[in-house]
Amino acid sequence: MKKRFASFVALALVCAMTLAACGGGGNAGSSTAASTAAEEVSEAADTSAAETTEETEPAAENENVLYYIATDDASSERVNYPFNNRARFFCNLLWRSLLTTDADFATFKGDLASDYSVSDDGLTYTFTMADVKWSDGEPVTAEDVKFTFEMILQLTSINSNYANAAKQIVGANTFQPGGDLEGITVDGNTVTIQLDSLYADFEKIMSQIAIMPKHVLEGEDFTVFAQSSFFDMPVTNGMYKVEEVVPANYIIYTINEHYEGEKPQIEKIHISALSDPIVAAQGGQLDFWNTNNPAEIEAFRAMDNFTEFDINILYYRYFVVNCYDDDGNPNALMDPKVRQALVYAIDRQALVDAYYDGFGVVSNSGGVPNTPEYNSAQSDMAYDPDLAKSMLEEAGFDFSQTLRLRYYSGDQTTQNFMEAIGAMLNEIGIQTDVMKFENDATEELWTLRNYELAQKNLSAFTYSEWYGEYINENYAKVLGDIDPEFSQLITSYNTTVDAAERQQSFDDLQMMEQEMIYKLPLFTVNQKLFVNTDKIELPSGIEFGNPWYNYDMQFESWSVK
Amino acid sequence: MGKFILKKVLMMIPMLFIVSLLVFFAIRTTKADPVTYLIPADVVISEENMEALRARYGLDAPLYVQYFRWIGNLLRGDFGKSIVGGTSVAAIVARSLPATFELAFGALIISSVIGITLGVLSAIHQNGIIDYVGRFIAVLGTSMPQFFFGIIMIQIFAIKLGWLPVGGRTDPSVVTFWDRAKYLVLPTLTMSIAMISTLLKYSRNSMLEVLNRDYIKTARMKGISERRVYITHALRNALRPVMVIIIFRLPLLIGGSVVIESVFSWPGISTQIVGATTSGDYPVIMVTTLLIAATILVSSVLLDIITALLDPRVRLGKE
Amino acid sequence: MEENTILRVRKLNTSFKTEDGIIPIVKDVDFDVKRGSILAIVGESGCGKSVTMNSICRLLGKNAEIQAEAIDYMQQEADGSIRTVHMKDLTNTSKEMRALRGKEISMIFQDPMSSLNPVYKVGRQVMEALLQHNKMSKQEAMARVIEMFKQLGIPDPENRVNNYPFEFSGGMKQRVVIAIAMINNPQLLIADEPTTALDVTIQAQIMELMVRLKEEQQKTIILITHNMGLVAETADEVAVMYMGRVVETGSADQIFANPAHPYTSALMQSVPVLGAMEEGKELATIPGQTPNPKDVTDGCEFANRCDKCMECCKTGLVGNHEIEPGHFVRCHLYRKS
């Protein structure tokens, strides 16, 4: 009797503590229902608090430090390697490129280069180096630029955009480590880059490639550069340099005294190893954060001190289609009609409404609806289960087979919509098996290939990146030979410089994609950015761009209130 | 006594060898491939480059060759380098171990002292207030999962009240240990709660059992004070099963608690192990696993020694 | 009250608080113990003999309720005078009680195997009792312990004091327990089934030892047992208990010659005697089972098993009748109408 009473009291207390603690937003990955309930509790708590005080915090002195956390694609063990991407602003503040751009990635101006020009045939780029120093006092030279490109040709882990661009340089194919890249010539502080063939996005790429110091890195083994000790305390040319790295604890950036431009007002950047962005934000350890995870978005919206910003980025969520079975023979998905039917079988609008309301849109090709480049002639391939079923029957689809649906993203939203998709396919009679990949994504996608449809994401810098996937070696393993006209279109898109011609290629590509469905499109999702504007003063009218790429964030105008 | 200890210690060596074999082959026969982990899914890398990378890490040689290379290096003091990060495993262990150790040490001490004290007092004052408090804590600790308790603690003390930090171990302003102490509070508390419950229950039951023994009656019969009965006569007998529990928690000092370190973003060995396991970073996994196995073996020996000290029957070879 | 009574117990009642309520175990127990005699308390297992003694020595737990009209111990002072200690007013762990336990009144328990603390040397355990009640140095104390061991017949005492309990046989262990009990020279020794767990030859040795203590040192011994043979050999006075009540008291001669209570006579008959039984004769047993103390009955506790039960036995209290000088029986059969 007494024992039961004690247990009951314990249970009651546990419930009470849970409710008390859950107020203030759920954690990333919690279901919407739970977080709404938690929100209501926290709202009640907040209103009662607001009744007693006007502000939750008086205008206290904030320390002149911007707080950030290293998670997902960033590391707290050492400074991030800038050649896969710019890792959510981390690398932007440390390394600059020859050019810089604005949030739309449309207009370009010199950064490390004071001036540049492009030849009429579009094959020669000439850059004049500005008077910039490295954080160790040495000047940034044209030699550094050539050195960086030679390095890119040797790196194993590199963004395909940079690699493809570098491969266009004259002499890239015959370049050997330790040798000389013919296509780049250095003359004093002028560097000239000669391309083999036209590369439409070359300027864009020039605004992204981080220039590395030759005087420090000469002789490094670039096959394993990502693990180099250079990143334990790197030499930088950006507004900030690295002051302290305590692995797995924190990394501190401080102002680079050799930076020649307008000095930033924020003294330090503190990057800690906390793993949960919501908890970190609530604890004052995170001042800005970008995400497209609905649960995180909801949690951040619940925090008064954060302001929400939209970021337009090309973030595709789609299915990789494996047209071969485990024995290497073509399977049912080899027939484009089957692939098309599957698109009609999924109610993608419903999924967008459920999970990405307001910042996601159904996509049907590489083009994104509501953008100027979008080809409005293409079909919206709206949900039509009857059509899907009849198409499948016509194509002779074997309904007794099981389609393996796989995914690698670990968040709850992905798991939810994958289950939903599986259920939708079940509705028209297709057997499905939905599961998360057990092993590493790269291995599962391209080596093991034990799936029919694998959900993949692509954060693309340019449309070329999306189209580039179709013709790379990985996709060849799952798609086989693709239509030569299609690959021809892709090549011309990449190499045409004339804007009108380019758009034409793009339009044609979008139409062909709908015919071929080499990738099964789901939706594109924007990023939301949350900034702690109670603490951080942003320059007025600021626009934010893709956080994984380099652009002018006007960071020198950011300040702490 | 000396021979006893020596015998036990020597037995550890062949056991360690067997463990190293198990660790090595068990991990290497799983599918995790560090080379594919290093390459992001969007990057295309040719087969030759993959092979070249594998060769650099010595992953192309047959397994038994790799094993002997590894053991050989180990005995020479070379613990290898992390494939993912490039840092030497020795450095990784050297910087994560103190973090794990200080956390686990605090938790062990606190939980042992509180758990045993409460348990013993509960047994002595059965059905008193202490007994209720003790039972309440026991239920709390056993039924609430550690991560849940940890999250609640963070929500209450770090976020709502703002008294303590939300996670991590240190920040740039820290100079002395005492500056850092506030980071230790919540993780230690969370780690202790679950440990306290078990100890409490065991101490209480053990003490109750001992208090019913005839020699306690004999002791009382001599007219000695109650305090002496409890401390001199009862406690020493009651502690034996409890010691087992404490000693077998020693590996936590080295291996850490995955849950705690994850919830509090504590940069200890567990975090390293988890990261290494996900990425197939063999050198790190193997050394850390071996380390933990060694700690368990040592704990076992330690337990034998302490039991012998506490109980003369064991020491003199009987029972 | 006679002059040489050392312990006087009147209306002792002990009940235990359990989940099922309060259960009386010892009911209205009266007896006197004469100084320098051996009183045997006999009865079946579970009749409350041990609980009675434990109540007197206050060794029961917190769930026991002890009430008595009187528990008086006549303490003999150094100058020869007698001081009455009213034990019923003392609490379990008070200084007065603890001054009595071990010094004036000692108890030894049934199972020597578990009566000693396994982790301490025996010498130390005996010394503890000594040092609790006397101020002396450790060396002196140890010397006394060794002396005691000699007296009790433990061989090689100088070395044996440094042994652990598990290094002793059962009989030797019991001697150690007796050493603990006797080291302070108590006047009253309570032995709770001291030989039940030992084999017969050892049993004889221990009993012989006890008799010696009574005769040579004028100790008073209360012997709790269910072994009638032992009682016959050693006891001066006997008290028979059944279901928490004393049903018959008297001298050993009286009880054996003239067992008045039906239960007592049944007990006598149920003891097998070597050589004195006819072949083929069945062993006499008492019909029925010992009732559960929970089932409180009205009237005589033995009623449902007594072959002489009458209607009046089933209800009401049974009075205590003196059938011979010093021989009391609690039974309606002896009612003087």
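The following legends describe close-up views of a predicted model.

**Figure 1. Arrangement of chains A, B and C.** Two pairs of chains touch, and the pair formed by chains A and B has the most contacts. Chain A and chain C do not touch, and their nearest C-alpha atoms are 10 Å apart. Chain A contains 17 helices and 21 strands. Of the 561 residues in chain A, 56% are buried. Among the contacts in chain A with a separation of 6 or more, 71% are accounted for by residues 24 or more positions apart.

**Figure 2. Overall dimensions of chain C.** Eleven helices and 13 strands make up the secondary structure elements counted in chain C. The radius of gyration of chain C is 21 Å, close to the 20 Å given by the globule rule for 337 residues, so chain C is as compact as a globular protein of that length. The C-alpha trace of chain C spans about 65 × 50 × 45 Å along its principal axes. Buried residues account for 53% of the 337 residues of chain C. Where contacts in chain C join residues at least 6 apart in sequence, 64% of them join residues at least 24 apart.

**Figure 3. Helices α16 and α17 of chain A.** The view shows helix α16 (residues 484-495) of chain A and helix α17 (residues 499-516) of chain A, whose axes come within 9 Å and cross at roughly 150°. An angle over 145 degrees counts as roughly antiparallel. The helices α16(A) and α17(A) are therefore roughly antiparallel to each other. Their crossing is left-handed. From α16(A), the residues A:Glu485, A:Phe486, A:Leu489, A:Ile490, A:Ser492, A:Tyr493 and A:Asn494 take part in the contact. On the side of α17(A), they meet A:Arg502, A:Ser505, A:Phe506, A:Asp508, A:Leu509, A:Met512 and A:Glu513. By class, the residues of this contact of α16(A) with α17(A) comprise seven nonpolar, three polar and four charged.

**Figure 4. Helices α8 and α10 of chain B.** Helix α8 (residues 177-211) of chain B packs with helix α10 (residues 226-247) of chain B at an angle of about 140°, and their axes are 9 Å apart. This makes α8(B) oblique to α10(B). The crossing in which α8(B) passes α10(B) is right-handed. The residues of α8(B) in the contact are B:Leu199, B:Tyr202, B:Ser203, B:Ser206, B:Met207, B:Val210 and B:Leu211. Their partners in α10(B) are B:Tyr230, B:Ala234, B:Leu235, B:Asn237, B:Ala238, B:Pro241, B:Val242, B:Ile245 and B:Ile246. The contact of α8(B) with α10(B) has 13 nonpolar and three polar residues, and no charged residues.

**Figure 5. Surroundings of helix α4 of chain C.** Helix α4 (residues 122-133) of chain C is mostly covered, with nine of its twelve residues buried. The buried residues of α4(C) are C:Val122, C:Gly123, C:Gln125, C:Val126, C:Met127, C:Glu128, C:Ala129, C:Leu130 and C:His133. Within chain C, these buried residues pack against α2 (95-100), α5 (138-151), α6 (157-160) and α7 (170-182). The buried residues of α4(C) also pack against α10 of chain B.

Figure 6. B:Ser279 lies in helix α13 (residues 269-279) of chain B. With a relative accessible area of 4%, B:Ser279 is buried, because buried means under 20% relative accessible area. Not counting residues up to four places away in sequence, B:Ser279 touches B:Asp33, B:Pro34, B:Tyr37 and B:Val84. B:Ser279 and B:Leu161 are 118 residues apart in sequence, and their C-alpha atoms are 37 Å apart in space.

Figure 7. B:Asn127 is located in the loop between α5 (89-124) and α6 (129-143) of chain B. The phi of B:Asn127 is near 65°, a positive value in a residue other than glycine. B:Asn127 is partly exposed, at a relative accessible area of 45%. In chain C, the loop between α5 and α6 holds C:Asp156. Although C:Asp156 is not a glycine, it has a positive phi of about 55°. C:Asp156 is partly exposed, with a relative accessible area of 43%.

Methods:
Residues are numbered from 1 along each chain as its sequence is written. Chains are lettered from A and ligands numbered from 1 in the order in which they are written. This is a predicted model: local features need pLDDT of at least 70, side-chain atom pairs count only at pLDDT 80 or more; totals for chains, interfaces and linings use all residues. Side-chain values use heavy atoms; hydrogens and water are left out. Axes are lines fitted to C-alpha atoms, for helices over the stretch in contact, and angles run from 0 to 180 degrees between N-to-C directions. Helices (H or I, at least four residues) and strands (E, at least two) are DSSP runs, numbered from the N terminus. Angles under 35 degrees count as roughly parallel, over 145 as roughly antiparallel, 65 to 115 as roughly perpendicular and the rest as oblique. A crossing is left-handed if the near helix is turned anticlockwise from the far one by less than a right angle, and right-handed if clockwise. Contact means heavy atoms within 4.5 Å. Ala, Val, Leu, Ile, Met, Phe, Trp, Tyr, Cys and Pro count as nonpolar, Asp, Glu, Lys and Arg as charged, and the others, Gly among them, as polar. The radius of gyration is taken over C-alpha atoms; the globule rule is 2.2 Å times the number of residues to the power 0.38. Buried means under 20% relative accessible area, exposed over 50%, partly exposed in between (1.4 Å probe, protein chains only).
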